[in-house]
Amino acid sequence: MILNSSEIKAIEQKEFKLRKNSFSLMQSAGEKCAKYISSKISKNKEIFVVCGPGNNGGDGFIIGHSLIQKGYNVKIFLGDSFKILPNIIKNIKNLITTR
């Protein structure tokens, strides 16, 4: 199934209401992406995750963090850091405290 941006936004808004916050959805999406990546890539490969300042960047930090916890060698890069959203700050703090 391929969704356009307005369909994705509608689904996200519904999920935000059910979960009461956007971080919960971000956590779930990031962990599922990391699970998929770990099923396709061996641990002897280095993984680079490039994160922007928006919520997709937050997903990237969760993906990177989850892969690190699974034993992968992960490098996370943050671009455009002058407008970081609160969820990304939360993810950076989580990453730093588990390293």
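Which residues does L67 touch, not counting residues up to four places away in sequence? That gets its own view below, after a look at the whole chain. This is a predicted model, where local features need pLDDT of at least 70, side-chain atom pairs count only at pLDDT 80 or more, and totals for chains, interfaces and linings use all residues. Residues are numbered from 1 along each chain as its sequence is written, and side-chain values use heavy atoms, with hydrogens and water left out.

**View 1. The whole chain runs α-α-β-α-β-α.** That's four helices and two strands, taken as DSSP runs (helices H or I, at least four residues; strands E, at least two) and numbered from the N terminus. The C-alpha trace spans about 40 × 35 × 20 Å along its principal axes.

**View 2. Twelve residues build the largest nonpolar core.** A core here is a set of buried Ala, Val, Leu, Ile, Met, Phe, Trp, Tyr and Cys residues joined through side-chain atoms within 4.5 Å; buried means under 20% relative accessible area, with a 1.4 Å probe and protein chains only. The members are A34, I47, V49, C51, F61, I63, L67, I68, Y72, V74, I88 and L95. Two or more residues each come from β1 (46-51), α3 (55-69) and α4 (86-98), and α3 gives the largest share, four. Across the chain, 28% of the 99 residues are buried.

**View 3. L67 and its neighbours, up close.** Leaving out residues up to four places away in sequence, L67 touches A34, I37, S38, I47, Y72 and V74. Contact means heavy atoms within 4.5 Å.

Note on methods: Buried < 20%, exposed > 50% of the residue type's maximum accessible area, 1.4 Å probe, protein only.
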